[in-house]
Amino acid sequence: MDKIYYGVAYYREYLPEERLDKDIKLMLDAGINYVRIAESTWSTFEKQEGVFDFSSILIVLDKMYQNNIDVIIGTPTYAIPAWLEKKYPEVMAITPNGRNKYGHRQKMDITHPAYLFYAERLIRKLMQAVANHPAVIGFQIDNETKYYDVCGDNIQIDFVKYLKEKFAGDLLKLNHEFGLDYWSNRINAWEDFPSTVGTINASLGAEFQKFQRKLVKKFLQWQANIINEYKSEKQFLTHNFDFEWRTWSYGIQSEVNHFDASEILDITGVDVYHPSQDQLTGIEIAFSGDVARSTKKKNYLVLETQAQAFKNWTPYPGQLRLQAYSHIASGASLIGYWHWHSIHNSFETYWKGILSHDLQPNPIYEEASIVGNELKILSKHLREIKKYNRVAIIVSNECLTAIDWHPWHGHQFNRDSLHQYNDIFRAYYDTLYKMNIEVDILSIDDDSIFNYDLLIIPLLYSVSDLKLEQLNNYVLNGGNVIYSFKSGFANENMKVRTVVQPGIISEACGISYQLFVEPNNVSLISDEIDLANCDCKINDWMELIEPDVNTKILAKYQHPYWGKYAAVTSNRYGRGSATYIGCNISTSVLQKIYEYIFNEEKLADLKCQDSFPLIIKNGINYKKEKIRFYFNYSSNPINVCFTEKSGLNLLTGSILKYNDKFVLKDWDLAIILLGTNHE
């Protein structure tokens, strides 16, 4: 992209009055250079079956083009019209709770032939109307697509076909790998295959969820194939992935494999929402960006993020600007607010946009205008920020699902609760973020993980023998890895390995254990790490580790009976090291372990003398210029010491020399062009 795109989702159909010209004037004054339209209003474009009218968006396209505002078109397939449900009620997804009722979005079966027929007809009609319009720069497929718990008879039939292919029709192998003899769940004929809705078998249930995730990619690929028949080479194809939702974007999405599904896109898009006001940390912005950037190893789009949204998200002065540049610092090429105007009816009435319900300029609009007009100038330096990180956190949808089935606390059959996998992932990620260690977030299936100096792999519970052997070889050849508890336990079919744990990685980690227990008044002690100011209490899970003779014990359990066992170990294996954390520890202890590994494994240059709330990010732009961002994620001023030879503050024009000091006000930032020729 030749600039940073800065814009909004715009819904002319939702507005209580005609004000397109007025909105465009406000957008231009704010430096907005693109809008996203159309993804939500199927019932407006096809009011009755086969009766199409795209005039509402064609007017927007013409007006935007006249004013040099580019447009992204979304396919409006994620919310179906009433007439479609009335005529074909079977398009509503059957879930474990029965058939969905009409009303809410994303309640349809994305595999149903009737839904696909009408969706394809709509997409083709839409593309015929807009694809050649000069305002259109790209297309967004659907919206935050997931599998929506679909599990009807048609899905069960297709799942059996999938299993037949996976196991080459060998029922004996299927029964063996999934352990289906338990409680007489054995399947002796394919025609007897039961619905998975009531299964108690974790292997079968997890495989079904993996199959459901594949349905999402298949659906997105189906739409991509249609759009590719119409779009030009200059137009891009994207999708706005979301994340596990805990009233904001929290962790890895369980219903979509972001890394797999991104393969069909030209550029990955994400929707990023986060706490605000005193709870604003920038962590959700960073981790969502690190996922998005890592899916295709290039820049990405933030297709939705908040302007005002809820009453507890209305940003303090300076926060909207801080957030925007935080996205760019992680590699975003586009920032889009959801949405331009606040909605006057229905479900999201109180999810406010840049403009409030009075549709007049306000402090949020004014701050967005500051950002938009700054970006007109700064795009030449901030385009296509690339990251060259040496540390990667490795994630796995299969392991997330496995931990849902076998959590370390709570009841294993209560899978409607929050994903405990993401609790550990976020603890391991957030600690690095606050230490100013930048990372990529990669799938365990990505062979490029072995190019990093340090891999951090939380909860690698369900994984193939081959992958674990590759990880051992990575360490043997000089790599460094940190595993959490419950790693290496089961194979890719969630069949527990019949060896002393942690199985294959025992060789590199230099440990073994047979017992795991519920901690009760257990804490950590260490002769290797200073834990004086740490929260040393162990929570929920602990493995009783027996180290090999040459394995270093970084921490032991403080307990009258469990005290003879190790809790955290580090082992030299070949030219590398493997660290194993056998219990659920606090982030303060985790930080000490990270610092120890950085020191011991010649990674000390990764450490930063500054830490949260001062966040520092680095990148290289398309001109190969080095850019450094300083962010103050607090309400207090921060004194910053500049540690490079020289630099130019792009926001103030001031020159910085080595050891110069400058102040970041509350919720403020600095962007420094590093180099020696700025005088």
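A polar contact of 3.3 Å links the side chains of Glu 39 and Ser 40. Here a polar contact is a pair of N or O atoms within 3.5 Å; within protein, one atom must be able to donate a hydrogen and the other to accept it, and residues adjacent in sequence count only if both atoms are side-chain atoms. The model is predicted: local features need pLDDT of at least 70, side-chain atom pairs count only at pLDDT 80 or more, and totals for chains, interfaces and linings use all residues. Residues are numbered from 1 along each chain as its sequence is written, and side-chain values use heavy atoms, with hydrogens and water left out.

Glu 39 sits in the loop between strand E2 (34–37) and helix H2 (42–45). Helices (H or I, at least four residues) and strands (E, at least two) are DSSP runs, numbered from the N terminus. The relative accessibility of Glu 39 is 1%, so this residue counts as buried. Buried means under 20% relative accessible area, exposed over 50%, and partly exposed in between (1.4 Å probe, protein chains only). Not counting residues up to four places away in sequence, Glu 39 touches several residues, among them Tyr 11, Thr 75, Tyr 78, Asn 143 and Trp 338. Contact means heavy atoms within 4.5 Å. Ile 141 is 102 residues from Glu 39 in sequence, yet the C-alpha to C-alpha separation is 8.5 Å.

His 274 occupies the loop between strand E13 (269–272) and helix H10 (283–296). At 1% relative accessibility, His 274 also counts as buried. Its contacts, not counting residues up to four places away in sequence, include Trp 248, Glu 284, Thr 305, Trp 313 and Gln 323.

Strand E15 (residues 332–337) has 6 of its 6 residues buried, so the strand is largely enclosed by the rest of the structure. Strand E1 (residues 5–9) runs parallel to E15, joined by 4 bridges. Two strands pair if DSSP finds at least two bridges between them. Gly 7 stands opposite Gly 336 in E15. Strand E14 (residues 300–305) is also parallel to E15, again with 4 bridges. There, Val 302 faces Ile 335.

A further sheet is open and antiparallel, with 5 strands in the order E26-E27-E32-E29-E30. Strands E26 (614–620) and E30 (655–657) stand at the edges, each with a single partner strand, so one side of each lacks a neighbour in the sheet. Strand E29 (residues 646–649) is joined to E30 by 3 bridges. Leu 648 has Ile 655 in E30 as its bridge partner.
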